[in-house]
Amino acid sequence: ARLAAEAEAARREAARLAAEAQAAAGLRRQLQAAGEELKRTKAELDAKAARVSEAEALARDTAPLVRRGQEMETELEELAARLAEAEKARASDAEAARASGRARAAEQKELQKELQSEGKRLQQLRKALDKETK
């Protein structure tokens, strides 16, 4: 009976140890799965960190280009304003030239009339002179 009791105790101990071993194996599998998940997460974080570094480098590299683009945009606006002023001045000058041309044409017409009038008067004087000399 004592042997049977020891055998039973040994069987129970073996069953307990087997259960513990099974639990330990389960924990080991969980620990391995967690380790693999940790590796995947680390790889993802490393990839994201690399993309952030690339983005920061790109931002550093493009900052001077962005500033130059803004400067060029400002220069372009200034040039457009100067061009508009020059166009207004040209239009004003053209209008002044047309007005001056019209004034010269009117003055020339007036002088032409005076010249014709003087020419007629000269003819009359010649006729009168011719009559007196005959």
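A salt bridge is a side-chain nitrogen of Lys or Arg within 4 Å of a carboxyl oxygen of Asp or Glu, and the close-up views below show examples from this predicted model.

**View 1. Glu-8 and Arg-12 in helix H1.** Glu-8 forms a salt bridge with Arg-12, and the closest N and O atoms of this pair are 3.5 Å apart, which means that the pair falls within the 4 Å limit. Both residues belong to helix H1, which covers residues 2–133, and they are four residues apart, about one turn of the helix. Glu-8 counts as partly exposed because its relative accessibility is 27%, whereas Arg-12 has a relative accessibility of 52% and therefore counts as exposed.

**View 2. A network that includes Glu-8.** Salt bridges link Glu-8, Arg-11 and Arg-12 in a network, so that the pair of Glu-8 and Arg-12 in View 1 can be viewed here together with Arg-11.

**View 3. Asp-46 and Lys-42 in helix H1.** The side chains of Asp-46 and Lys-42 meet in a salt bridge, with a distance of 2.8 Å from N to O. Because these two residues are four residues apart in helix H1, about one helical turn separates them. Asp-46, at 41% relative accessibility, counts as partly exposed.

**View 4. Arg-90 and Glu-87 in helix H1.** A salt bridge joins Arg-90 to Glu-87, and their closest N and O atoms are 2.7 Å apart. Both residues lie in helix H1, where they are three residues apart, about one turn of the helix. Arg-90 has a relative accessibility of 48% and so counts as partly exposed, and Glu-87, at 39%, counts as partly exposed. A search of the whole structure finds 13 salt bridges, including the one between Arg-90 and Glu-87.

Terms used. Residues numbered from 1 in each chain as written. Predicted model: local features only at pLDDT ≥ 70, side-chain atom pairs only at ≥ 80, totals over all residues. Heavy atoms only, no water. Buried < 20%, exposed > 50% of the residue type's maximum accessible area, 1.4 Å probe, protein only.
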